[in-house]
Amino acid sequence: MRVDILSRLTTGMPEPTIEEWRFMWDAACRCADPHEACRQTYCMYLVSLRWKVRRQQRLMRDQWRCQDCGARATEVHHLTYDRLFEELLNDLLSLCRRCHRLRHEETEIMAPVGPTFGAPSWQRDFWELDEAA
């Protein structure tokens with residue numbers, strides 16, 4: 001499935017649907033190395049037209065200004081991954097590269113142990129059920 005979606009992203013074929021992104025995310029999170037597989041899926045999503053449009057919308061809404069320091073924003077940060085692939089503009093934040101890096105350093109310091117990389121609520125439910133079993 002991942003190869004099919006990757007080829008669609010690089011050859012101009014139609015974008016994956018929300019269901020296809022979720023299917024790939026679910027499959028990635030259940031493989032032998034879920035953190036790496038989810039990271040690869042997320043990186044593929046970041047080159048999709050769906051993400052580029054949403055990113056552009058947020059940057060335009062913030063007038064290309066970093067919401068932390070006021071410098072020119074060049075990146076968009078996810079405040080939550082609960083609606084990954086269907087982000088609301090309020091789920092995102094325009095940041096300059098420096099502030100984006102600082103946000104991720106804070107997150108890594110405070111990150112809980114376990115398979116939580118960007119897991120939307122429907123994915124976290126899976127991990128909670130799996131750990132309870």
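1. Let's start inside: the largest nonpolar core has 19 residues, and Trp21, Trp25, Tyr45, Leu84 and Phe85 have the most contacts within it. A nonpolar core here is a set of buried Ala, Val, Leu, Ile, Met, Phe, Trp, Tyr and Cys residues joined through side-chain atoms within 4.5 Å. Buried means under 20% relative accessible area, exposed over 50%, and partly exposed in between (1.4 Å probe, protein chains only). Helices H2 (18–29), H3 (34–45) and H4 (49–61) each give two or more residues to this core, with H2 supplying the largest share, six residues. Apart from it lies another core of five residues, including Cys66, Leu93, Cys96 and Cys99.

2. Before you go on: this is a predicted model, where local features need pLDDT of at least 70 and side-chain atom pairs count only at pLDDT 80 or more, while totals for chains, interfaces and linings use all residues. Residues are numbered from 1 along each chain as its sequence is written, and side-chain values use heavy atoms, leaving out hydrogens and water. Helices (H or I, at least four residues) and strands (E, at least two) are DSSP runs, numbered from the N terminus.

3. Now look at H4. Its 13 residues should span 18 Å at 1.5 Å a residue, and its end C-alpha atoms are 18 Å apart, which agrees. (The expected span is 1.5 Å times one less than the number of residues.) Trp51, Arg58 and Leu59 are the buried residues of H4. They cover an arc of only 100° around the axis, so they sit on the same side of H4; that arc uses the directions from the helix axis to the C-beta atoms. The face turned away from the buried side carries exposed Leu49 and Met60. Just after H4, glutamine 63 takes a positive phi of about 55°.

4. On to the strands. S1 (residues 75–78) and S2 pair in the antiparallel sense over four bridges; pairing takes at least two DSSP bridges between two strands. Strand S2 (residues 92–95) is covered on both faces, with Leu92 and Ser94 buried on one side and Leu93 and Leu95 buried on the other.

5. Last, the rings. Trp21, Tyr45, Trp51 and Phe85 form one aromatic cluster. Rings of Phe, Tyr and Trp (its six-membered ring) pair if their centres lie within 6.5 Å; planes under 30 degrees apart count as stacked, over 60 as edge-to-face and the rest as tilted. The whole structure has five aromatic pairs. For tryptophan 21 and tyrosine 45, the centres are 5.3 Å apart and the planes at 75°, so this pair is edge-to-face.
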